[in-house]
Amino acid sequence: PISATAQAAVTVAHDASADWDTKDVNDIDNVIIRNDATVTLGEFVEPDLIVNGSFEAPNTGSFSQLAPGNTSLTGWAIADAGQTASAGGVAVVDNFDSSVASEGDQFLQLQHSSGDAGIISQTFATEVGATYQLDFDYSALDFGIHNLTITYDVGGPDQTVAINSVDGQLAWATETLQFQATAATTTLSFKGEFFSGFWGASIDNVRVVKVPAPELITNGSFETP
């Protein structure tokens, strides 16, 4: 199926000096610069394709445990990791027990206190053959002398991140992976490894952006010689 979004042209007026990228402008819009305003052109940034990648919705105020099938974690589906006989899930954490997020106020524990780890997933639109970059931050919360693994998949074979022993909250680090889309949609998933309680592996600041194609033409603007 093919879908399209129709949008009418609008007039965007710059009445005072500002960065161009402080206002959304489409190529069909009418742009007016007046009152001697100075408008500078901002660099185009590829949009983040992930919804609620920093897990700010819902706002918990402390922490909130979400069981498989719960739909309140905006943008994400939740499932049981199936590592124990108990139902799993995840927990959204907001400054609980002096823990801090890597971005924003909240982060996600891939664990549920009922006794199993959880899986979250999100499907987003992609262009077949285009290259994308996934970045996410990972940590762990107060699980003592232990080693855990985060397993993630973004339309391809499983990838893993090993988390070393720690007592307290492990300092946040960043994982990066580039991948090529093979379909019009791609599904990203994260799975935790069971430890105990809702402690264990943490993720935050999940983002996917399209990697611009390299310029194949040399001297395309004929500036040389």
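Predicted model: local features only at pLDDT ≥ 70, side-chain atom pairs only at ≥ 80, totals over all residues.
Visitor: What makes Thr186 count as buried?

Guide: Its relative accessible area is 5%, and buried means under 20%, so Thr186 is buried. Thr186 lies in strand β15, residues 185-191.

Visitor: Which residues does Thr186 touch, leaving out those up to four places away in sequence?

Guide: They are Gln122, Thr123, Phe124, Thr126, Val154, Gly155, Phe179 and Ala181.

Visitor: Why is the link between the side chains of Thr186 and Thr126 called a polar contact?

Guide: A polar contact is a pair of N or O atoms within 3.5 Å, one able to donate a hydrogen and the other to accept it. The two side chains are joined at 3.0 Å, so the pair falls inside that limit and is a polar contact.

Visitor: How do you know that β8 and β16 pair?

Guide: Pairing takes at least two bridges. Strand β8 (residues 107-109) and strand β16 (residues 200-210) have two bridges, in the antiparallel sense, so they pair. Leu108, for instance, has Ile203 in β16 as its bridge partner.

Visitor: Where do these two strands stand in their sheet?

Guide: The open sheet of six strands runs β5-β7-β8-β16-β11-β14, with antiparallel pairing.

Visitor: What makes β5 and β14 the edges?

Guide: β5 (63-66) and β14 (173-180) each have a single partner strand, so one side of each is left without a neighbour in the sheet. Neighbouring strands here are turned by 30 degrees against each other on average, direction ignored.

Visitor: How many helices and strands does the whole protein have?

Guide: There are zero helices and 16 strands.

Conventions
Residues numbered from 1 in each chain as written. Heavy atoms only, no water. Helix = DSSP H or I, 4+ residues; strand = E, 2+ residues; numbered from the N terminus. Axes fitted to C-alpha atoms, helices over the stretch in contact; angles between N-to-C directions. Buried < 20%, exposed > 50% of the residue type's maximum accessible area, 1.4 Å probe, protein only. Contact = heavy atoms within 4.5 Å.
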